[in-house]
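User: I would like to go through the labels used for this structure. Please set each one against its rule.

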Amino acid sequence: MKPSRAAARSAVFDPAPRLLTAMGVSVALLLAAGMARAQEVVTSHGYSYFGNLDYEKGFEHLDYVNPDAPKGGELSLSASGTFDSLNPYSRKGRAGALTTIQYDSLIEGTDDTVGQYYGVLAESLEYDETRDWVIFHMRPEATFWDGTPVTAEDVVYSHKLFIEQGLPSYAQAVGRMVASAEALDEHTVKFTFNPETTKRSRIETVGSTPVFSKAWFEADDSRRLDEPRLEVAVGSGPYKLDSYDINRRIVYTRRDDYWGKDLPINRGKFNYDRIRVEYFADQTAAFEAFKAGEYTMRVESDPKLWATSYDFPKLREGSVVKDEIPNGSPPDPSGFVFNLGRPLLKDKTVREALALAFNFEWANESLMFGLNTQRSSFVEGTHLEAKALPEGAELEFLRGLGDVVPPEIYETPARVSHESEAGRINDRGNLRKAARLLEDAGWIVGEGNLRRNEQGRTLRVNIPYPSSIPNSISTMIETYVQNLRALGVDATAEKIDPAQYTLRERERDYDMVFSTRYGAFLSTGGGLSQMYGSKEAEFSLFNPAGVASPLVDAIIDASFETENQEEQDAALMALDRALRHEFFIIPDGYVPDYWVAYYDMYEYPENLPPYGLGYLDYWWIDPDKAAELRSKGALR
């Protein structure tokens, strides 16, 4: 029986003090009411900022899973490039795929809601109305895979580990947010927050942090969160590392003794006995291996392959399924990102000129087989997408920010991507516009047909990219560089190995980069600051442009103070408008569906949720179909 879709929040009030005199009745009533309000505590099985929880206490399972999905079999996937670490939380090294699936957190979100979280390690939580603190009541049955219990001390230790040794952007943001973390008893942990920071994202941030075994880390001083290692920290999650072969494969096995397998939030999930990841040097080798049956599921990212290469014998005979599954999430704002730390790219006029050399229409027709849709917005296709001039609630929100909002925000429609001629690589009209903009910015064509400024410096742009990316993307980068050269830019595209690229990306050693680091947003929270905030701009891996805008900061800060959905939506629409105004990324296209190819033994729920594909979590294997594939030799 499915749970009702209703809010599940209860409030516990301390009794008001008794009145001492009849004369002071009215005053005492006011004082009592004030004390009651100050002492209001919310107790719940889950959390959302606005108090709405679609799954009420005692729900049996998530609506979108098959609670009776069979367990067994193997999911095998591919990865490109290399790995030299099994620690996903270090800036150093290149972590192996899926290493995070070994760890639980106190709470986690669902794929059919935005901003709603339900208990995993935590059975319940309580917090005051102003979110000055939160107490998590943990499940005493939770254990690490070494059999030891998961305790409040482990939660506190993990929190401090991320603050002291974690990614700088996370450590700085959460370090400011959390005043203290303490174990009240073996299974009760309390976080007290800094009242000078926003109350948004407080509870979900500390609740979503992975929990490690304190005893494991303290048993060896060399075990650190900020160092690459091939030794895996003990976790409490549903899967555990089974084996690995550096740069070839990683195998995880499902824990038969997983303590949380029968939790409502986990029913129908974690259905494979094994998850295997095979590594390949590039996409061509990976695709050939898929056709040969060396791995059995592929989420395709290359339009050329999807359009032209999925016509091999196993697909024609029905052993392999080619599936297009709707994706309800806004597309990630990927594209060519400018490094705003480079002096010549601080000039928006220069960035606008360089953008005009990118011909999306040609790339889409010639490289993507017309399968991509052009993107302008950071929340493309959603109700949060900024349109034309600001109006209504968004306009009111912007006016409330004061002088930090420049006049052009009110006077100019939201920026949209330029249009180009699809019939030729370089759109001559756009290149002429770009040339005029560069001349206005002081970059004049000189010796060698290269643009130089007054100091004689050439307009030089380097775009590194990893050898493991799809061929269609690498060709798009190379042709973009070709157009930049036609414009008189000293442009180069640099193909490098994945490990070197990872280092260059971390050190922000590039002029431009094709990146998928930025994320779309459907609600506000600390993640916005990590991606787009000034305080994290110098070091955040999730802000490859180094965006540092007073306007963007003001909008993000104000979004934290919104008190209802309408106000939040207005703030996020304004944020979309402001990010487009700052213009630090040349958007590429997107595909509104997931492209998935898999051997015909995998099944998924009839009603997949809007915000996740879930092939790791709630797909399963039909054992009869798997046996049939093996009997006819379709699988290796």
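User: What is the mean pLDDT of the chain?

Analyst: pLDDT is the predictor's confidence in each residue, from 0 to 100. The chain has a mean of 92, and 94% of its residues reach 70 or more. Over residues 1–37, pLDDT stays under 50. Where pLDDT is low, the predicted coordinates should not be read in detail.

User: Why is Glu 505 called buried?

Analyst: Buried means under 20% relative accessible area, exposed means over 50%, and partly exposed is in between, with a 1.4 Å probe and protein chains only. Glu 505 has a relative accessible area of 18%, so it is buried. This residue is found in helix 15, residues 498–506; helices (H or I, at least four residues) and strands (E, at least two) are DSSP runs, numbered from the N terminus.

User: Which residues is Glu 505 in contact with, leaving aside its neighbours within four places in sequence?

Analyst: Contact means heavy atoms within 4.5 Å. With those neighbours left aside, Glu 505 is in contact with Tyr 510 and Arg 517.

User: Leu 503 is in helix 15 too. Why is Leu 503 called partly exposed?

Analyst: Leu 503 has a relative accessible area of 46%, so it counts as partly exposed. Its C-alpha atom is separated by 9.1 Å from that of Arg 91, 412 residues apart along the chain.

User: What makes Thr 458 buried?

Analyst: The relative accessibility of Thr 458 is 12%, and therefore it counts as buried. Thr 458 is found in the loop between strand 19 (451–452) and strand 20 (460–466). Not counting residues up to four places away in sequence, Thr 458 touches Trp 443, Leu 450, Arg 451, Arg 452 and Asp 490.

User: Is Lys 240 buried or partly exposed?

Analyst: Lys 240 is partly exposed, because its relative accessible area is 32%. It lies in strand 11, residues 239–245. Among the residues it touches, not counting those up to four places away in sequence, are Gln 102, Trp 145 and Tyr 252. The C-alpha atoms of Lys 240 and Val 299, 59 residues apart along the chain, are separated by 23 Å.

User: How many residues does the largest nonpolar core have?

Analyst: A nonpolar core is a set of buried Ala, Val, Leu, Ile, Met, Phe, Trp, Tyr and Cys residues joined through side-chain atoms within 4.5 Å. The largest has 101 residues, and Phe 212 is one of those with the most contacts inside it. A second, separate core of 76 residues includes Leu 345, Val 461, Val 513 and Leu 575.

User: How many cavities of 30 Å³ or more are there?

Analyst: On a 1 Å grid over the protein atoms alone, a cavity is a set of points where a 1.4 Å probe fits but cannot get out, and lining residues have an atom within 4 Å of a point. Grid points are joined across faces, edges and corners, and a volume is the space filled by probe spheres set on the points. By this rule there are two cavities of 30 Å³ or more. The largest cavity has a volume of about 50 Å³. Helix 14 (471–486) is one of the elements that supply at least two residues of its lining, and gives the most, with four residues.

Definitions and conventions:
Residues are numbered from 1 along each chain as its sequence is written. This is a predicted model: local features need pLDDT of at least 70, side-chain atom pairs count only at pLDDT 80 or more; totals for chains, interfaces and linings use all residues. Side-chain values use heavy atoms; hydrogens and water are left out. On a 1 Å grid over the protein atoms alone, a cavity is a set of points where a 1.4 Å probe fits but cannot get out, and a pocket is an open set with protein on both sides within 12 Å along at least five of seven lines; lining residues have an atom within 4 Å of a point.
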